[in-house]
Amino acid sequence: MGIEFKKNLVVFHDVASVEDAEVLLEWLQGKTGAKADLSACTHLHCANLQVLMAAKPSIQAWPADAPLRAWLESALVAV
Amino acid sequence: MNPLLEQFLSEARDFLQGIGETLMQLENAPDDADLMNELFRLVHTLKGNSGLFDVPEMTRVLHAGEDLMDAVRNRRAVYSRSLADALLEAMDFVGMLCDELEADGRLSAAHGGSSARLVEALRKPIPADDNRVAAPEPEPELAPARPTSTLDSADLPLDGIPEAVRMQAYRRSCGGECLFWLDYRPDEQSFYQGEDPFFLARQTPELLWCGIQAREPWPPLAELDAYCCMLSFQGLTAASRADLEEQYRYVIDQVRLTAIPRLALVIPGGDPNGGPVYEDFVADARALLRAGDLAGLVRNVSSMLELSGPDLWIASALRWLQLVLEIGQEEGAVLDALVDCLESLAPPRWEASELAAAPSAASEPTSDRQDDAPRAEHGREAPGGERDALSPLEADTLTAVVAAQREVLALSDAPAWLPGRIKAAAEALAGCLRAVDAMASLQSLEVATASALEARSGAPLLAWIEACFPADASIERGPVGLAAEPESPPPRAGAQRPVGEDEIKFGRRAEDAIAAPKSLKVDQVKIDRLMDLIGEMVVAKNALPYLAGRAEAVFGVRELSRDIKGHYGVINRIVEEMQGAIMQVRMMPVSFVFQRFPRLVRDISRKLGKEVELILEGGDTEADKTIIEALGDPLVHIVRNSLDHGIESPGQRRAAGKAATGTLRLRATQESDRVVIEIADDGKGIDPDVIKRKAYAKGLIDETVLEQISDQEAVNLVFAAGFSTTEVISDLSGRGVGMDVVRTAVEKVNGSVALTSRKGQGSQVRLSLPLSMAVTNVMIVVSDGQRFGVPMDRVVETVRVPRAAIRVIKHSQAAVLRGRIVPLKSLNELLGLAAQPKSNDDDELAVLVVRLGDESLGLLVDDFSETLDIILKPMAGVLAGLPAYAGSALMGDGSVLVVLNLKEIL
Amino acid sequence: MKRILIVDDAATVRLYHREILEAAGFEVEEAMNGIEALERSLQAGFDLYLVDINMPKLDGYGFLRELRGQDLPQAPAIMISTEAQPSDERRAYAAGANLYLRKPVKPEHLLAQVRLLLGERRP
């Protein structure tokens, strides 16, 4: 239950596992203008991270965990 | 210690001794080729063994030793006494590491330096043009250690780090801490190795700044392989090199550490245009510096800063000057340079001597290594594509195996063993087909194989491969389209003449092969049959006392009765021994389930970034196969719980004053007729208050209980069904598996589970299971004229209570037994029988006191009868739906005894 | 149950492979060198062989050549070595190996390969 898909939004809960990455990639492949809500995320497996980096969904909410947010911002904030 | 490590150490000592002895012999016969080969083989094998463990320091040295001996035996290096000395010293080092492994189960991080030095000594005699060392290595940590400072801090993108962070780092460096730039490029295959590089990176100690980058531009999303790691992680950290090397111990070859002198951080940045006029300030500042009036300079800098917009380059330079003045650790030259750059508007250029003055770990031994070259994985390049139902690993494996057979079949030599080689390749291909459920192609494979054998050539099979696993190029790139097996096997395989099926024998094991095994492999079904038979035997023997009773009571032949009883004793003994012997066949050691844990614990704890020492004890304790098999899943749950939620991260443990490495102990013991497994950790334990609150919130306990319940009772609430719902799971057990699942699984085999925990000190789960399920000892009770069995392990005692001593409290009956109030229930009532319990002549009622969990309860019955061993059969047919009964057994007189399931009826 | 013969002179390596394979439900036997392996495989066939290269008495190449020279059903063989040179891989195939792996082999990789060669899918 690491990730949950809503209409155009993917919501991360707790920890997204390595298996989630495949599903996430598939979902993102079929979407344009996808958004991600990371507020409840405490960790996401590296595979999920790189899927997000490649797909560049707009990040609607950053993790509450400040260090995690710092890591993710370095990777996901559009330059 | 785990058996594998034990085996390794004992074998390693033998090898070390062998190496020493062979070296001594070589001293006397330096040209003996056999001795050299032997020496090579010993070092080579020992290196191979060490590669199975995470002992890079040892493997590295042995690898260098192996290369050296290879050079010697091939006459590329000359054997000499000094060479022997280098090898002996290296082997002493290996021996020392073995001792440490034996004592601590692991190596401390302090051996990198010695290891590097020894490797260097071993490599020295190998001629420099020997390119073996430069060949791509499967294990990068085996590459020769290189000296440090391969990278200058000036090449690093330090200016990408926010100024505030750099200033903070500068302060910490002035406080005596080392600064390191971390560059972590995980192996592309690391996800398949169960690693989560991001998790590892997040655990970097003393991280001041972090960043993640893609190594290459991302491909279009449709072509992205989520499981090929393409990221690199950077960080600035104030942790020591030793701590960092410890953190990245398992992937040290993928990490580059560069010591950062603090002045390298002093990089002004911002808008270079605008701001007040600085010429006067610079002149004044120089004068103040010459005069040694630092306080004056500080004042000037402050007022100048107020005049400058904060985003200006000049303002940034001033802030640095301010910081350097405030801390006051730099030489005058540094201040001069900073003042100069206010004039030149160019970043200060630090002299090497100034950089060296700043603390850095550059002189330490290091694992600095640039390893950007892709490393050869065994097997083949992974095809990125998806194949239905095949995992990426399976798809890769399939590709690799097919490619290997292609190579085998394409060989142009024709040795005597060619037919065997063809058959083996065909067998490998048949395996591939069966594994991907492509049975339809097996026949065409057999045909192609037959033609290949006839032609003594791999060509027909190669053609078959091209048809069935098409596109040669795909091996290197795209997916092989084997997801769906081609509908009809392509007929165009080279076979011209179909071969009759009866001629195709390969692939089937020769039935007449003579085996001489030490142990017999017996089908489970046969053992089960034996169990059934012995069950009938137990029942049949139980008929004898009944027969003896009849002989005396009905026929009045006392002597015959006595003879029958005597014989019954003999048969009883034989049956018991037979039963024991059959049970013995079914016995398995607990190590059968234990053996998976070293790996599991290692992998999970690594993933979680925790240090855990696993201690397994009593692996040779035996129990029935059913019990052992039933143990597996509950144990995995419990161990996972301990790792996930019990044992803390090394940092938290240190903060709590504990050793950084947690201990997880699995101990099996036999206690009378039960096997007991204890799983104990020294983690953070369970907070009873949290449990109480949750249980109350879930309505499992009421307010009265909430106030009265002891801590131990509270902890045991985690076993209550309905407790382990979502949020509690994440607190206590994770992964959606609650402790009630464990309890259910254990109770299914008549086991019990108990949890004790001390907050901050750890938890202990105790599983108690019967040694065997097959035979149940029951007590027979009579109620309303019927006989019922009650499992003996539930029975506490049998007592007779005067009717007058039974009290009625709020419609419930109870009696005081041994000073405790025991609630009483009538068995008749529980079973829906109308009759009242009968009393004996003294007006006493028979009370069977049984244990249910932690409570005792009295069952009112009419009378007690004997205890019996029975083979319990589960209820069949309609009766199977009645939860009140645990099963039935056939009695000696042919009647059926129904055994009660007390848990259900009470 | 499928039977696998592990041929390696290093007891540690044998134990390592044995633990992996037995945990996955395979029946495992061991031989310490090529001669012993040959004797065992002539006594009773195996479904798969895991063969080390460097061994005393008869090395892995020699064992495979002898094995493949027998007029018997042939089972796949995986050669496991620490050698990295491509020439070793070709030599292994020429001798009769069906797959060439380098030590140490990761358990999940080994199991995937063994299962595939034996025609089995994930458990």
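Helices (H or I, at least four residues) and strands (E, at least two) were taken as DSSP runs, numbered from the N terminus. The structure is a predicted model, in which local features need pLDDT of at least 70 and side-chain atom pairs count only at pLDDT 80 or more, whereas totals for chains, interfaces and linings use all residues. Residues are numbered from 1 along each chain as its sequence is written, and chains are lettered from A.

Chain C contains 5 helices and 5 strands, arranged from the N terminus as β-α-β-α-β-α-β-α-β-α. Of its 123 residues, 68% are buried (under 20% relative accessible area, with exposed over 50% and partly exposed in between; 1.4 Å probe, protein chains only). Among contacts (heavy atoms within 4.5 Å) in chain C with a separation of 6 or more, 60% involve residues 24 or more positions apart.

Chain A comprises 3 helices and 4 strands in the order β-β-α-β-α-β-α. Buried residues account for 51% of the 79 residues in chain A, and 54% of the contacts between residues at least 6 apart in sequence join residues at least 24 apart.

Within H10(B), B:Gly296, B:Leu297, B:Val301, B:Met304 and B:Leu305 are buried. Their cover includes helix H9 (279–291) and helix H11 (313–327) of chain B.

Technical notes. Side-chain values use heavy atoms; hydrogens and water are left out.
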